[in-house]
Amino acid sequence: MRLIAASVSIGSPLIVALLAVLALVELGLLAWALLDLAKRPADRVAGGSRLLWLLLCLFVQLIGPLIYLAVGRLPAAPRALPRPQAPGGEGHVARAAAALYDAAASRARGAAGDAPPGPEADAERLGPAVELVGVRKVFRTTAALDGLSLSVPEGSVFGFLGPNGAGKTTTLRILAGLARPSSGAARVLGRDVSGAGGDVRALIGYLPDVPAFYKWMTAPQYLRFAGSLFGLRGDVLEARVAALLDLAGLAGVGTRIGGFSRGMKQRLGVAQALVNAPRLLLLDEPTSALDPIGRREVLDMVAALRGRTTVFFSTHILADVERVCDTVAIIDHGRVAAHAPIDELRRRRGGLSRLAVEVDEPPLLVAALEGAAWLRAVEVAEDGGLRLATDDLEAAQRELPALVAHLGLALRRLESDELSLEDVFVDLVEGAPR
Amino acid sequence: MRGFGAFLGKELHETAHTWRIWVLPAFILFSGLSSPLITFLMPTLVDRLGGMPQGFTISVPDPTALAAYVEYLGNLGELVLFALVIAYGGIVSSEVRSGTAALALSKPLSRGAFVLAKWLSQVLVIAVAAVVGTAACIALTAALLGVGPAAAAVAAVALWSVYAIVMLSAMVLLSAVLPAPAAAAGAGIGVYASFAVLAQFEATSRITPAGLMPAAQAVLNGAPAHWQAPLATGIAVSAACLAAAVWRFARREI
């Protein structure tokens, strides 16, 4: 039996050339991988161990370097990108968001032949943007939501407050169509969330608490992808992407998302939630990862959207809610503990107005205040100042300075000290039955 | 099927931009090039091994184009399918775990489009890789050993491709049902082993998708091949797996 029956022999130039190419490819990959490994800091190597990758490259021929080059190299942390100077200066983000909505509305009117909205559309718009009726959500034996009911009027900025584990994220996931209630009804813009599917999701924008993106994409690529899922195409999509990149402060950033900081991802998350100019914007802790400037911009943006869309804004940062929201719901243990406009909530829980007073001899003033008809309570604060509770703020503000002057005391401070949302929140959550 | 086209485009870009491009196509191309080369060099390598005790001889058949194609098909049926099962353990669940699915599925992208776009993109990857790998195999075989039964090799790889798509569909279902990619890959190895066992019995080999590999081998060897029933049941099983995957994923919370 002949060893080689073919016309090509082992020493033929073809075989030598093939073997040489294979050897060159293998050596080239090995050299590339080893050089890269030598230059790369350990924190930019997958798994953090350069030694393991070195052994893999050296001892697993061909495949080892291939695996390292494919998955072993982590992207560099992004350079600290200067926040792009907003062309319009302060308030630019809010104006850009408002302009985005106005352009979308104008385009919609154009598509409809500038026809005025009919009575049916008006009726739909007058209904609540979000309506939850007795929603329960049970995970095994734990009820994350326990008969949650609330209604959010369209066009409002709604603050959804609660301590960790109260059910805020579960509620938003149900409204975004990612989870289903165990019982009860969840309606968005008059349509049942679980039944309507894509029709409802076409009307909402959603930012989860920790937005996750495809790391290999750039910000413009992601926004184009998000827009295309809503059916946006061509010039409309490109204009929308450019506007949103500007709004998010990511114009000109060519880095892949895998190299973004958390703040950059959060800003991109806000931008992608606006890509369809949604009628309901669901924001789950939108300011949690932002620096003070980014936080202010997002809050300004949310405030600018009032009347243009409905914002359902979940957070545990009470100052954010006080700053931008019209109405607030506080939930605890999956139930609504309070649901009202912020001012009404303060009044309802407090009933009394508060005054902060500082004088040079507090005990003298405390003694003189006994018997004052408008006074309900007085206490001395840690800083030596007085905190007065009154059911007649006008009388207190009129009579108190006169009393201080009559006693010959120096009035250093007299301020109305309103009950804060934090007071209401703590009062409700700590006082709730367990 | 809202959003199907946009999501399919994303999947194809992702395949080109991430490690996925290296796995199946690289394995198939590697098999396509290494099979004729190993077949061609094997007699020489054995001859040069030497050191045999006196009286022992190893007789190696003459290398032929058919032997190279058989080696290639063997690699596709074992090495590449094994890599497929491992690589696609997280084809659906990995996006749910990473959180990227939540953003995509909160938009008007249907769950069915999500699953089917992933499946179709990988069918295209397998098909293109099989075409390129087989072309490379035939070209190198022709240069080293002559063209041989190239048409039969193409037909055999076509049957293998259907078998690979059946396995891919099974992995899509397993990944839609099981949240952990490792668990889906483990279950996929179980499916792969079950098909290998079914292929050993003529009765089951003639009517189930497990018969696709024996049919491909028979086609390549010019023997009578019973491929019609395995092909039909393979397509039916794939469709059933996809329908079940879409049904299950539509009910899954993200």
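In chain A, strands S4 and S5 (residues 191–192) pair in the antiparallel sense over two bridges. Strands here are DSSP runs of E with at least two residues, helices are runs of H or I with at least four, and both are numbered from the N terminus. Two strands pair if DSSP finds at least two bridges between them. This is a predicted model: local features need pLDDT of at least 70, side-chain atom pairs count only at pLDDT 80 or more, and totals for chains, interfaces and linings use all residues. Residues are numbered from 1 along each chain as its sequence is written, while chains are lettered from A and ligands numbered from 1 in the order in which they are written.

**Strands around S4 in chain A**

- Arg187(A) stands opposite Asp192(A) in S5(A).
- The hairpin of S4(A) and S5(A) has two residues between the strands, and Leu189(A) takes a positive phi near 50° there.
- S4(A) (residues 183–188) is also joined to strand S1(A) (residues 128–139) by five bridges, and these two run antiparallel.
- Arg187(A) is the bridge partner of Glu131(A) in that pairing.

**Strand S11 in chain A**

- S11(A) (residues 353–359) is joined to S13(A) (residues 386–390) by five bridges, in antiparallel fashion.
- Ala356(A) has Arg387(A) in S13(A) as its bridge partner.
- S11(A) is also joined to S14(A) (residues 411–416) by five bridges, again antiparallel.
- Val359(A) stands opposite Leu411(A) in S14(A).
- In a regular strand, side chains alternate between the two faces of the sheet.
- The covered face of S11(A) holds Ser353(A), Leu355(A), Val357(A) and Val359(A).
- Its uncovered face holds Arg354(A), Ala356(A) and Glu358(A).

**Chain B overall**

- Chain B has eleven helices and zero strands.
- Its C-alpha atoms fill a box of roughly 70 × 40 × 35 Å, taken along the principal axes.
- Of the 254 residues in chain B, 47% are buried. Buried means that 20 or more other C-beta atoms, placed from the backbone, lie within 10 Å of the residue's own; 12 or fewer means exposed, and in between is partly exposed.
- Among contacts in chain B with a separation of 6 or more, 79% link residues 24 or more positions apart. A contact means C-beta atoms, placed from the backbone, within 7 Å.

**Helix packing in chain B**

- H7(B) (residues 150–177) and H10(B) (residues 212–221) cross at roughly 175°, and their axes come within 8 Å. Axes are lines fitted to C-alpha atoms, for helices over the stretch in contact, and angles run from 0 to 180 degrees between N-to-C directions.
- H7(B) and H10(B) are therefore roughly antiparallel. Angles over 145 degrees count as roughly antiparallel, under 35 as roughly parallel, 65 to 115 as roughly perpendicular and the rest as oblique.
- Their contact has 14 nonpolar, no polar and no charged residues. Ala, Val, Leu, Ile, Met, Phe, Trp, Tyr, Cys and Pro count as nonpolar, Asp, Glu, Lys and Arg as charged, and the others, Gly among them, as polar.
- H6(B) (residues 111–145) and H11(B) (residues 228–250) pack at about 140°, with axes 8 Å apart.
- H6(B) and H11(B) are therefore oblique to each other.
- The contact of H6(B) with H11(B) has eight nonpolar, one polar and one charged residues.

**Where chain B touches chain A**

- 36 residues of chain B are in contact with 36 residues of chain A.
- H2(B) gives the most to the chain B side, with seven residues.
- That side divides into 19 nonpolar, ten polar and seven charged residues.

Conventions:
Contact = placed C-beta atoms within 7 Å.
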